[in-house]
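Please work through the following exercises with the sequence and the model at hand. Each task is followed by a solution in steps.

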Amino acid sequence: MKRLAVIGDPVGHSLSPLIHMTWIDALGLDASYESIRVPAGETAAALDDFEHQEFLGLNVTLPHKQAVLPKASEKSAAVDAIGAANTLSRLPSGGWRADNTDAPGLIAALGRLGLSEFTGKTVLMLGAGGAARAGLFALDRAGADIILLNRTVEKAEQILAECCSRPHLSGPLDALSDHAGRANLVINTTSAGHGGAHIPLPAGEGRLFYDMSYGAPAEAQLAHANAQGWKTEDGLGMLVCQAAESFSIWFDGVRPDIEVALTACRTSLEQNA
Ligand code: NDP
């Protein structure tokens, strides 16, 4: 039996077990996927333990996305640039390989919405935390021109310098209306919705507002964006697409069914609302 898990703290709310078990069951694989609470500060000891227990791979969520890096004997180029990993695979020679599937997950999710060409397109990204880092890396490499706005401007400048290969613009979040007019797409990576707040938006005129949040934290923001005339989408597609990238790494390139996992997630969120 191949053992897989997501580690984090808190981790009980994670949809990853549902997503991966949906695929494992559908494909009849001899594998299991569980969620395991690992408190901050215990990352290295936990990884040694999981290696001993011969886990095939792990997904990594907060607060471990950076803390796992010292234990990775191999890292993808994306992990180096983003400075965080969300997927670990146990190496046959011992130790772990670290990948970041949030970046290709975002591109795949946007592709499902018909957005696959980014060269010459302007993307307005809101927020400069961990999720923004993967998004910046992905969109920069995909050829987009990015305007990154954050409440704390210095953080935006810093992550642009760290994650991007080309210069882009940054500014304060309250300058959103000044920049929104030239954006082909707006991506919200802030966690404002978790505190019940939303970012005020100007008129969208049918353009896409993509919110990386999903479930209750996304509701007020998406309702506001809709009311302002934006086409909206929550971050569930990205969540499932990044999971599919991890699954493919662990199961030798198998591409699981995105739609079936998306439906399972939406049903679960509705039942727990
Ligand atoms: P972080 O805590 O790393 O970053 C939070 C960001 O939000 C910071 O830029 C912060 O600004 C900003 N922010 C927080 N509160 C407010 C507010 N009230 N007004 C304006 N800005 C605010 O979070 P993450 O980057 O890890 O996660 C962000 C969101 O993305 C979460 O909802 C998370 O669930 C989601 N996510 C979704 C994924 C998916 O697959 N769909 C993957 C990863 C994350 P400042 O720097 O000024 O503090």
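The exercises below proceed from the overall fold to individual residues of this predicted model.

**Exercise 1. Overall fold**

Solution. 
Step 1. The C-alpha trace spans about 55 × 40 × 35 Å along the principal axes of the protein chain.
Step 2. Of the 273 residues, 45% count as buried.
Step 3. Consider contacts between residues at least 6 apart in sequence: 60% of these join residues at least 24 apart.

**Exercise 2. Two domains**

Task: State the bounds of the assigned domains and describe the contact between domain 1 and domain 2.

Solution. 
Step 1. The domain assignment gives domain 1 as 2-100 and domain 2 as 104-236.
Step 2. The centres of the two domains, taken over C-alpha atoms, are separated by 27 Å.
Step 3. At the contact, seven residues of domain 1 meet six residues of domain 2.
Step 4. On the side of domain 1 that touches domain 2, the residues are four nonpolar, two polar and one charged.

**Exercise 3. Two annotated positions**

Task: Ser14 and Thr61 are both listed under "binding site" in an unreviewed UniProt entry. Decide for Ser14 whether it is buried, partly exposed or exposed, and do likewise for Thr61.

Solution. 
Step 1. The UniProt record places this feature at Ser14, Leu15, Ser16, Thr61, Asn86, Asp102, Tyr214 and Gln242.
Step 2. Ser14 is found in the loop between β1 (2-8) and α1 (16-27), while Thr61 occupies the loop between β3 (57-60) and β4 (72-75).
Step 3. A residue counts as buried with 20 or more other C-beta atoms within 10 Å. Ser14 has 17 such atoms and is therefore partly exposed. Thr61 has 20 C-beta neighbours inside 10 Å and so counts as buried.
Step 4. Beyond residues up to four places away in sequence, Ser14 touches Val6, Gly8, Ser35 and Thr61. With the neighbours within four places left aside, the contacts of Thr61 are Val6, Gly8, Val11, Ser14 and Asn86.

**Exercise 4. Helix α4**

Task: Explain why helix α4 is described as largely enclosed, and identify what covers its buried residues.

Solution. 
Step 1. Helix α4 covers residues 102-112, and eight of its 11 residues are buried, so the rest of the structure largely encloses it.
Step 2. The buried residues of α4 are Asp102, Ala103, Pro104, Gly105, Leu106, Ala108, Ala109 and Leu110. Asp102 is also among the positions in the UniProt "binding site" feature.
Step 3. The cover over these buried residues includes α3 (77-82), α5 (130-141), β11 (208-211) and α9 (236-250).
Step 4. Just after α4, Gly114 adopts a positive phi of about 90°.

**Exercise 5. The ligand shell**

Task: Which residues are closest to the ligand, and how does the shell divide by class?

Solution. 
Step 1. The ligand is surrounded by 26 residues, of which Gly129, Ala131, Arg151, Thr152 and Gly235 are the closest.
Step 2. Helices α5 and α9 each supply at least two residues of this shell.
Step 3. The shell has 10 nonpolar, 13 polar and three charged residues.

Conventions
Residues are numbered from 1 along each chain as its sequence is written. This is a predicted model: local features need pLDDT of at least 70, side-chain atom pairs count only at pLDDT 80 or more; totals for chains, interfaces and linings use all residues. UniProt positions are given in the numbering used here, feature names are shortened, and annotations may be inferred rather than shown by experiment. Helices (H or I, at least four residues) and strands (E, at least two) are DSSP runs, numbered from the N terminus. A residue is buried if 20 or more other C-beta atoms lie within 10 Å of its own, exposed if 12 or fewer, and partly exposed in between; C-beta atoms are placed from the backbone. Two residues are in contact if their C-beta atoms, placed from the backbone, lie within 7 Å. A residue is near a molecule or strand if its C-beta atom, placed from the backbone, lies within 6 Å of it. Ala, Val, Leu, Ile, Met, Phe, Trp, Tyr, Cys and Pro count as nonpolar, Asp, Glu, Lys and Arg as charged, and the others, Gly among them, as polar. Domain bounds come from an automatic or database domain assignment.
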